[in-house]
Amino acid sequence: VFAAARDITEIKKAAEENKKLANVVEFSDDAIITKTLDSCILSWNKGAEQIYDYSKEEVIGKSISILAPPELKKEISELILKIKLEENVHHYETLRLKKDGTPMDVSITLSPIFDDSGKLVAISNISRDITERKVAERELNEYRNSLEEKVEKRTKELARSNAELEHFAYIAAH
């Protein structure tokens with residue numbers, strides 16, 4: 001009779017941790033996407049479904065370029081090249097398209113994914129919809145510019161009034 005026993009406590013703990021991390025990814029409000037080095041979508045979480053309005057089934061296996069406006073399609077390959085060259089891509093702000101073609105401002109962070117041998121095999125793409133923030137920034141800039149124009153205009157009016165007052169004061173004094 002042969003009996004073998006093995007403590008699997010560490011294996012169970014690791015499996016639980018993996019499940020927790022998988023849940024964090026799956027239920028994040030941010031779009032968390034995995035893509036191949038040639039832009040093919042490998043994974044797509046619920047946050048990506050909410051942000052881009054595509055279901056997982058609609059995008060798995062397709063190019064991530066379906067999310068880019070035509071004028072920004074080249075940008076995707078440039079960003080992938082940065083990852084291949086081991087450059088960081090953190091909070092890169094750009095435009096992307098929802099399923100219906102509506103443009104939105106996003107902040108993108110790209111991270112390399114390596115296999116066990118250390119070879120780059122995929123890229124993690126975390127996107128956050130920052131449209132509301134960008135609209136608020138644009139409105140704030142417009143308001144600031146409007147105020148600056150009003151201040152400049154008022155400053156010129158006051159300078160003219162001061163010049164007139166100085167002129168009248170000069171005349172009254174002489």
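**View 1. Glutamate 87, a partly exposed loop residue.** With a relative accessibility of 38%, glutamate 87 counts as partly exposed (buried means under 20% relative accessible area, exposed over 50%, and partly exposed in between, with a 1.4 Å probe and protein chains only). The residue lies in the loop that joins α4 (73-84) to β3 (89-97); helices (H or I, at least four residues) and strands (E, at least two) are DSSP runs numbered from the N terminus. The C-alpha atoms of glutamate 87 and proline 112 are 9.7 Å apart, at a sequence separation of 25 residues. The model is predicted: local features need pLDDT of at least 70, side-chain atom pairs count only at pLDDT 80 or more, and totals for chains, interfaces and linings use all residues. Residues are numbered from 1 along each chain as its sequence is written, and side-chain values use heavy atoms, without hydrogens and water.

**View 2. Lysine 35, buried without a salt bridge.** Lysine 35 belongs to strand β1 (residues 31-35). The nearest side chain of opposite charge, that of glutamate 75, is 9.2 Å away (Lys and Arg count as positive, Asp and Glu as negative, while His and the chain ends are not counted). A salt bridge requires a side-chain nitrogen of Lys or Arg within 4 Å of a carboxyl oxygen of Asp or Glu. Beyond neighbours within four places in sequence, the contacts of lysine 35 include Cys40, Ile64, Leu110 and Asn125, where contact means heavy atoms within 4.5 Å.

**View 3. The largest nonpolar core.** This core has 23 residues, and those with the most contacts inside it are Ile33, Trp44, Tyr52, Leu67 and Leu110. Elements giving it two or more residues are β1, β2 (41-44), α2 (46-52), α4, β4 (103-114) and β5 (120-129). A nonpolar core is a set of buried Ala, Val, Leu, Ile, Met, Phe, Trp, Tyr and Cys residues joined through side-chain atoms within 4.5 Å. Not counting residues up to four places away in sequence, isoleucine 33 touches, among others, Trp44, Tyr52, Leu67 and Ile123.

**View 4. Positive phi at aspartate 53 and histidine 91.** Most residues other than glycine have a negative phi. Aspartate 53 has a positive phi of about 70° and is located in the loop between α2 and α3 (56-59); its relative accessibility of 39% makes it partly exposed. Histidine 91, in strand β3, has a phi near 55° and counts as exposed at 60% relative accessibility.
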